[in-house]
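Trainee: Could you take me through this model feature by feature, giving the general idea before the particular case?

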Amino acid sequence: MRIGALSRRTGVSEWLLRYYEEQGLLHPQRRPNGYRQYRDSDVAAVGHIRALLAAGLPTAVIAQVLGCVHDVGGRLVPEACPGMVDHLSRERARIADTIAHLGAAQRALDDLLAALPSTADT
């Protein structure tokens with residue numbers, strides 16, 4: 001299938017599909033006329049990419065772990081691939097650190113707002 005068909009089937013823009021290819025996440029074949037030719041398995045791959053992005057993984061990590069995930073009953077399940085636990089644990093720690101920093105920023109803003117005179121609505 002061509003890129004437009006993959007875009008329609010996945011709901012992902014053609015621009016993003018090209019970006020996924022640039023990042024090494026998709027590997028379409030090229031036809032003699034230069035058009036990309038995607039396989040039916042690329043539909044599932046795009047779904048996996050979207051799920052991993054939603055989990056907060058950057059594309060560089062997704063490129064490392066994409067071949068280690070599959071669907072089981074509509075749920076993305078990882079396999080025990082080399083480095084998988086390290087990749088996921090490192091990204092989880094990075095996200096937890098970001099959440100902690102955001103929580104501290106939120107508390108600081110709450111303190112500033114609480115210190116405002118009650119008549120200051122601007």
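Mentor: Let us begin with how elements are named: helices (H or I, at least four residues) and strands (E, at least two) are DSSP runs, numbered from the N terminus. Keep in mind throughout that this is a predicted model. With that naming, Gln 37 has its place in strand 2, which covers residues 36-37.

Trainee: Is Gln 37 buried, partly exposed or exposed?

Mentor: Buried means under 20% relative accessible area and exposed means over 50%, with partly exposed in between. Gln 37 has a relative accessible area of 23%, and is therefore partly exposed. Leaving out residues up to four places away in sequence, Gln 37 touches Met 1, Pro 28, Gln 29 and Arg 31. As for Glu 21, it lies 16 residues from Gln 37 in sequence, and the two C-alpha atoms are 12 Å apart in space.

Trainee: How should I read the packing of helix 1 and helix 2?

Mentor: Two packed helices are described by the angle between their axes and the distance between the axes. Here helix 1 (residues 3-10) packs with helix 2 (residues 14-22) at an angle of about 105°, and their axes are 9 Å apart. Angles of 65 to 115 degrees count as roughly perpendicular, and helix 1 and helix 2 are therefore roughly perpendicular to each other. On the helix 1 side the contact involves Ile 3, Gly 4, Leu 6 and Ser 7, which meet Glu 14, Leu 17 and Arg 18 in helix 2. Sorted by class, the residues of this contact are three nonpolar, two polar and two charged.

Trainee: At what angle do helix 2 and helix 3 pack, and which residues make the contact?

Mentor: Helix 2 and helix 3 pack at about 85°, with 12 Å between their axes, so helix 2 is roughly perpendicular to helix 3. Leu 16, Leu 17 and Tyr 20 of helix 2 make this contact with Val 46, Ile 49, Arg 50 and Leu 53 of helix 3. By class, the contact of helix 2 with helix 3 has six nonpolar residues, no polar ones and one charged.

Trainee: How many residues does the largest nonpolar core have, and which have the most contacts inside it?

Mentor: The largest nonpolar core has 22 residues, and Leu 17 and Leu 26 are those with the most contacts inside it. Two or more residues of this core come from each of helix 1, helix 2, helix 3 and helix 4 (59-65), and helix 3 gives the largest share, four residues. Not counting residues up to four places away in sequence, Leu 26 touches Leu 17, Tyr 20, Glu 21, Tyr 38, Asp 42, Ala 45, Val 46 and Ile 49.

Trainee: What span should helix 5 have, and which of its residues are buried?

Mentor: The expected span of a helix is 1.5 Å times one less than its number of residues. For the 32 residues of helix 5 (residues 84-115) that should be 46 Å, and the end C-alpha atoms are 47 Å apart, which agrees. Within helix 5, Met 84, His 87, Glu 91 and Gly 103 are buried, and the buried residues of this helix pack against helix 4, strand 3 (69-72) and strand 4 (75-78).

Trainee: What does Arg 94 contact?

Mentor: Arg 94 lies in helix 5 and is partly exposed, with a relative accessible area of 37%. Leaving aside neighbours within four places in sequence, Arg 94 is in contact with Gly 56 and Pro 58. Thr 10 is 84 residues from Arg 94 in sequence, and their C-alpha atoms are 29 Å apart in space.

How values were computed. Residues numbered from 1 in each chain as written. Predicted model: local features only at pLDDT ≥ 70, side-chain atom pairs only at ≥ 80, totals over all residues. Heavy atoms only, no water. Axes fitted to C-alpha atoms, helices over the stretch in contact; angles between N-to-C directions. Parallel < 35°, antiparallel > 145°, perpendicular 65-115°, else oblique. Contact = heavy atoms within 4.5 Å. Nonpolar A, V, L, I, M, F, W, Y, C, P; charged D, E, K, R; others polar. Core = buried A, V, L, I, M, F, W, Y, C linked by side-chain atoms within 4.5 Å. Buried < 20%, exposed > 50% of the residue type's maximum accessible area, 1.4 Å probe, protein only.
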